[in-house]
Amino acid sequence: MQSRVILINPRYRVWSPSKWVPLGLGYIAAVLEKEGCTVEIIDLSAEKVSDKELQRQVGNADIVGINGIITEFQEVLKLVKLVKEAKGNIKIILGGPLATTLTKELLEVSSADVIVLGEGEKTIVNLLSAINENSDFNNVRGIAYKDGNQIIITEKPDHITDLDSIPFPSRHLLNMNQYLQNHFENIGIQIKDSKQIRSTNLITSRGCPFGCTFCFKDMWGSDWRARSPENIIEEMMLLHEKYGVNGFFFNDDTFVLDSKRVFKFCQLLKSKGLDVVWDCNGRVNLMTKELLEAMHDAGCRSIAYGIESGNQVILDSIKKSITLEQIRKVVKWTKDAGIHTTGYFMIGMIGETKDTIRQTFTFAKELN
């Protein structure tokens, strides 16, 4: 496969002190490079690239892929228009949460050619083969495209069960120095007795089996799949050796779902003598004192919990499957273990009142 592919991460319209590696595009780039494609990544959220310069760069490509989240709808439409103006016959593929959610809307209002739905590593390879061979898109599972005035959505593919089989993201296509920051400090977490931190993000699992009503699951689904501890640590060591990374943020929805995997990960990390600190998302109904102590011992310095509300009726209505008492207990355990504790909260859910919102504020203060 000799395609020249440019992958674009849209511009963020809000300021943030942290720049995160666009891992989704990194994974897509990795599988395409493995297939022999020439790939570039343009991260407009991290680099200052003018519209004119962007059009110049895409003029050399056969295919452009654009990802995005729901708040980037207008930005994605603008990018599609810019790319098509630069090169009318170029194939534009959209992917990510936005394209997976508003599939028909995007195909109706933009001149994008194809949308990759959900998890894209297998789908993108099959799609590019179909484009190169000029064969029927209908045989490619997990895509949507226009056929005249009709929008065709093909059969959903199976999830990738063996995440270790996916190559590590192609970070060499990015200027990594602009992503390596002390992200702990950026979110107000001071790490004691630590040298200068160069941290970045990675992901170790996909999917979530819980049924919270507010959650978007169309990308990875409800089947939780995980990388092995060995595979995770191999990537961490590579990042440590190549870029001097000594801080890691695990972007998993629920890093701690399989406690045996977490214990093994902690043991292996210690045995490698890798002097690093890390952050993850937890879930209060999955934590134990022993697990938290093992995590701290292996360098975990911050955990974020989805607390959502300080009102039990609201928690039950959103099917969170946790109680206020569990939250109090686990936040205390986490702090006692020496791990900084962060809470995610939401207001304005169905059934919310001024009183329940006040209860959430009061609960957050109680938890400190």
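**Exercise 1. Work out what share of the 368 residues in the protein chain is buried.**

Solution. A residue is called buried when its relative accessible area is under 20%, exposed when it is over 50%, and partly exposed in between, with a 1.4 Å probe and protein chains only. By this rule, buried residues make up 52% of the 368 residues in the protein chain. The model is a predicted one, in which local features need pLDDT of at least 70 and side-chain atom pairs count only at pLDDT 80 or more, while totals for chains, interfaces and linings use all residues. Residues are numbered from 1 along each chain as its sequence is written, and side-chain values use heavy atoms, with hydrogens and water left out.

**Exercise 2. Describe the secondary structure of the protein chain and decide how compact the chain is.**

Solution. Begin with the elements, where helices (H or I, at least four residues) and strands (E, at least two) are DSSP runs numbered from the N terminus: the protein chain has 13 helices and 14 strands. Next, take the radius of gyration over C-alpha atoms and compare it with the globule rule, which is 2.2 Å times the number of residues to the power 0.38. The radius is 22 Å, close to the 21 Å that the rule gives for 368 residues, so the chain is as compact as a globular protein of that length. Finally, the C-alpha atoms fill a box of roughly 60 × 50 × 35 Å along the principal axes.

**Exercise 3. Identify the salt-bridge partners of Glu 235 and state whether they are buried or exposed.**

Solution. One partner is Arg 171, with the closest N and O atoms 2.8 Å apart, and another is Arg 227, at 2.7 Å from N to O. For accessibility, Arg 171 is buried at 4%, Glu 235 is buried at 0%, and Arg 227 is buried as well.

Conventions
Salt bridge = Lys/Arg side-chain N within 4 Å of Asp/Glu carboxyl O.
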